[in-house]
Amino acid sequence: MHDDAAYVLARIQRMMRDRVLPNVNRRSAPVTVSAWHVPDEPVPFAIARHQAFAPFEVGEPWGGRPWGTTWFHVTGAIPAGWGTEPATSVELLVDLGFVDNEIGFHAEGLAWTADGRTIKGIEPSNRYIPLSGGGAIDVLIEAAANPLIHTKVDYRATPLGSTRTAGTEPIYRLAALELVERDEIVAALHLDLATLTALVDELGDRSTRGAEILHCLSRAADALDPDDVPGTAETTRKVLADVLNDGTSESAHVAIAVGHAHIDSAWLWPVRETIRKCARTFSNVLSLMDDDPRFRFACSSAQQYAWMRDHYPELFARISERVAEGRWIPVGGMWVESDTNMPGGEALVRQFVAGKRFFIEELGSDPVEGWLPDSFGYSAALPQILRGAGLKWFLTQKPSWNETNIIPHTSFEWEGIDGTRILTHLPPSDKYNSDMSQADLHLGERQNKERGVVDCSMILFGYGDGGGGPTREMLGLADRAADLDGSPRVQLGTPAQLFEAVERILPEPPVWSGEMYLEFHRGTYTSQLAGKQGNRRSEHLLREAELWATTAAVQLDADYPYEKLEEIWHTVLLQQFHDILPGSSIAWVHEVAEENYKTVIESLDSMIQVATEALAQDGPDYDPTAVIRFNAAPVPALGVDPLAGAAIAAPGLIAPEETGDGWVIDTGAIRAFVDRDGLLTSLVDVASGRDAIAPGDRGCLYTVFRDTPNRYDAWDIDRSYQRNATDIVTPESVRVIDGTLVIYRIFGQSSITTRLTATDGSSELTIESEVDWHEQQKLLKLAFPFDVKADRASSEIQFGHVDRPTHENTSWDWARYETCAHRWVHVGEPGFGVAVANDSTYGHDIARTTRRDGGTTTTVRESLVRGPVYPDPHADQGRHILRTLVRVGASVVDAADSGYRLNLPVRSVVGGSAVPALVAVHSPQVFIEAVKLAEDRSGDVIVRLYEALGGRASNVVVAFGFETGIVTRTDLLERALEEDASPRPVSWAPGQEIRLTLRPFEIVTLRAARAAATSQ
């Protein structure tokens, strides 16, 4: 009679916990420990090694304070005979005072040899430091006292996220630091048992295979002597070999296992700590590669490699060797794993320009795998950008987090707004940090949407988020599942193996068209407003700086600030990481980011001033009483406008006229009526007579919503927010000050000052919202109810726009209740539309309702500011200024025009010299996105443009304002395109007219050699 299944499993679990694991280490011995507590920020090994170390005992506090660092010096000698028997080894065992198993989220360490070579990292599930058999011990450990901010169940406000509030008392005590002799046979037995018990959990005891394994486990329990585990471990393993060596069927699902370590470039730790996390994790990986030549590791983010090059050159050299061998695989091609919702088009391109350039120049590798496993949704512009940067494939898994709908494919082609497609894979185990458990393997098999056709998928294994990476135990589990009956077959491999297999097996994959909207983390479009404003301003200043610096270089032979621009771009790109720009990091991260933006903005303003003044004041036409207006917006064209005398004045503000019911602002193009509450009751387009405001409604309405998501404060806006709203109607005052209607309101501890302005002849009403915000877990929105029946709303994204339904016909529509837009949104019906543009808002909700009169109202709400309390308890507090434009009678081109002009105001510079435009495009639907000098410093001019309306653009003439040499079409990395079978030219001879045909939303990059440079 066989034992009950539950009894057998309970018996095995206890045997593993109480007998096997305690005997993995046969014996232990003390070592001598001394310590040096770093008084301030971390220091490199070269400095630490020369400090005065004091004697230190296990049990003493270390680190000094949260976020502090202690260096431990460990010396001693390996006892005679240790590690000399077969299947034994000697290690240092380190416990820094680990809590639970929160790998990557609290105390960590990095072990060094005495001569400055990194050995490996130390984390809760990776506590050992390997030692060679015999001889002296001389090891240093750099220990980081990072506070435990995150746990799996607790997302409470904490002061630990900033050194300003984290306190000064030690938070860790050294729990263990000793020599151990490891029994490899007992360790292997533990992995055998772990594999088989987990397999039974998946198969069930009622299956034939499950019952067979249970019977074998029962016999193994009998074979192991609890009083002599080391002496009977080998015999017990032989019993288990009966089922471990049973090969699986040819039809078994194949899991291509790729080593990985997702390391957030900042999150619950500052950027400075990410640098050390990378060193720990990468040292772990190299240590495993030394032991197992089959192991492959995929790693993204050029920024993290650059940190290793700059801070850990010896470690970087070893990484470079493994890259050259093909065992370490750079993937992604981006500077960091950025957010893809909010970065502007050119910024998203530069992620690949900077990232690929680093990989190619520093590592000799040109990645072809797009790699964004953890970003919070994926822009519909991304497929074209990926392919334009030379990538063939794309990997993510974040859509598996969707709350309502699941993407119905695992391997598919993803189609962008321009029609470009890229082969995409969503690892069906739904994670990027598997521990190679049977649970993960079987989940991947069950959730493979293409099973029966494509019976393979990728599984990424290794501790992630906070880093750590793969472990020897994970590799051991992978070995046991390589050919195990009842288990998916595991193959240690590379991303390319999976994608190439899919290409062979699935020549016509299913297609997902449009954005991959994440039905989760919708609050990231709004959290940490100051950072979002810094990003938006930096992007547009970079556009201006490159344009005018290029113009000065071409027309005046001025020096182009290559190094400074690259440095600034790297800062901006880093801060577009998917936990920085989205506002989901600790206070420290955002404090640093905001300071960085201030520096970036100051530097770019100075750079722009130097270039524009040089252009305006050069030559015989210089007039110190004249003014040159520099316009960097692409609508209708980039250029400059010389003015003189009274003409230099900006179009005049229209002063509000007081009436019995409120105020009227009449520009000749629009008539706005504002009532005594300071709310917009009417906004009439004079040309058509249409009133944009829905009858009975009022616009420019601020509403405060309760904002208490169930779990992730900074990340989420739960749908329930809509049920708890307070309109801020009654003002404290409404006054006209210097031609501006100023409305002052108070809510709770906060205030809102609204300034309404319009200029003569303009179709736009400008709303400036100065918000002094002191609310927490509240969401402030600004609403405009428009009298249009818009079935869809157009929202700007990178290099175009997407049309999203304003109704809730499907569960996909219902779940899309908060969306991201860049500079503008547009709603309309045939013949009439309204645009709402912004200078720093990303979050929107746009919905359609039916009125009692039978008409339809389409309401556009901007999400202005939030107040989440985790992970930064003071997020969004303080003063913010946001600007909004409402343009009536607007087309999509008008919306784009307003969005660009609001974010790229005209600059007036004293001068008078003629400054011809460097480049112009003669098409109302094609916009220039960037003008710069080439990355290779050849002096060639790079122009990036795109079709903006979503329709084909034919015979588009591009005219350069300087004598060009050969002009070529290039990819996004400025590499010449090859001639293909299409009739579209890819190069033009000097003097030849450049005509282009662009498909809807197509991006085109032109490289123009300068005639003078060509002749040299």
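**Overall build**

The protein chain has 19 helices and 53 strands. Keep in mind that this is a predicted model.

Q: Why does the radius of gyration of the protein chain agree with a compact globule?
A: For 1016 residues, a compact globule would come out near 31 Å, and the protein chain has 31 Å, so the two agree. If you'd like a box to picture, the C-alpha atoms fill one of roughly 95 × 75 × 65 Å along the principal axes.

Q: How many of the residues of the protein chain count as buried?
A: Of the 1016 residues, 61% do. To get that label, a residue needs a relative accessible area under 20%.

Q: What share of the contacts is made by residues 24 or more positions apart?
A: Take the contacts in the protein chain with a separation of 6 or more: residues 24 or more positions apart account for 74% of them.

**Aromatic rings**

Q: How many aromatic pairs does the structure hold?
A: There are 37 of them.

Q: Why is the pair of Tyr305 and Phe359 called edge-to-face?
A: Their ring centres are 5.2 Å apart and their planes make 85 degrees.

Q: How do you know whether Tyr305 and Phe359 are buried or exposed?
A: Check the relative accessible area: Tyr305 has 1% and Phe359 has 0%. The cut-off for buried is under 20%, so Tyr305 is buried and Phe359 is buried too.

Q: What makes Tyr378 and Phe394 an edge-to-face pair?
A: Here the distance is 5.7 Å centre to centre, with 70 degrees between the planes. Tyr378 sits in the loop between strand S16 (369-371) and helix H10 (382-388), while Phe394 is in strand S17 (residues 393-395), so the pair ties together parts 16 residues apart in sequence. Both Tyr378 and Phe394 are buried.

Q: Which residues form one aromatic cluster?
A: Among them are Phe282, Tyr305, Trp328, Phe359 and Phe461.

Q: How do you know that a charge sits over the ring of Tyr128?
A: The charged end of Arg472 is 3.4 Å from the ring centre, and the distance limit is 6 Å. Lys120 also lies over the face of Tyr128, at 4.1 Å from the ring centre.

Q: What makes strand S1 and strand S9 edge strands?
A: Four strands form an open antiparallel sheet in the order S1-S12-S6-S9. Strand S1 (25-30) and strand S9 (128-131) each have a single partner strand, so one side of each has no neighbour in the sheet. From one strand to the next, the twist averages 30 degrees.

Q: How do you know that strand S6 and S9 pair?
A: Pairing takes at least two bridges, and strand S6 (residues 88-95) and S9 share four, in the antiparallel sense. Leu92 stands opposite Ile129 in S9.

Q: Why is strand S23 described as mostly covered?
A: Five of the six residues of strand S23 (residues 626-631) are buried. S23 also pairs with strand S45 (residues 907-911) in the antiparallel sense, over five bridges. In S45, Val909 is the bridge partner of Ile628.

Q: What is the order of the five strands in their open sheet?
A: The order is S47-S48-S53-S50-S51, with antiparallel pairing. Strand S47 (926-933) and strand S51 (987-988) are the edge strands, each pairing on one side only. Helix H14 (residues 529-556) packs on this sheet, touching S47, strand S48 (941-947) and S53.

**A buried arginine**

Q: Why does Arg719 count as buried?
A: The relative accessibility of Arg719 is 17%, and the limit is under 20%, so Arg719 counts as buried. Arg719 lies in the loop between strand S30 (701-706) and strand S31 (725-728).

Q: Which residues does Arg719 touch?
A: Leaving out residues up to four places away in sequence, Arg719 touches Glu808, Trp814 and Tyr817.

Note on methods. Residues numbered from 1 in each chain as written. Predicted model: local features only at pLDDT ≥ 70, side-chain atom pairs only at ≥ 80, totals over all residues. Heavy atoms only, no water. Helix = DSSP H or I, 4+ residues; strand = E, 2+ residues; numbered from the N terminus. Contact = heavy atoms within 4.5 Å. Axes fitted to C-alpha atoms, helices over the stretch in contact; angles between N-to-C directions. Phe/Tyr/Trp six-rings, centres within 6.5 Å; stacked < 30°, edge-to-face > 60°. Buried < 20%, exposed > 50% of the residue type's maximum accessible area, 1.4 Å probe, protein only. Lys NZ or Arg CZ within 6 Å of the ring centre and 35° of its normal. Rg over C-alpha atoms; globule rule 2.2 N^0.38 Å.
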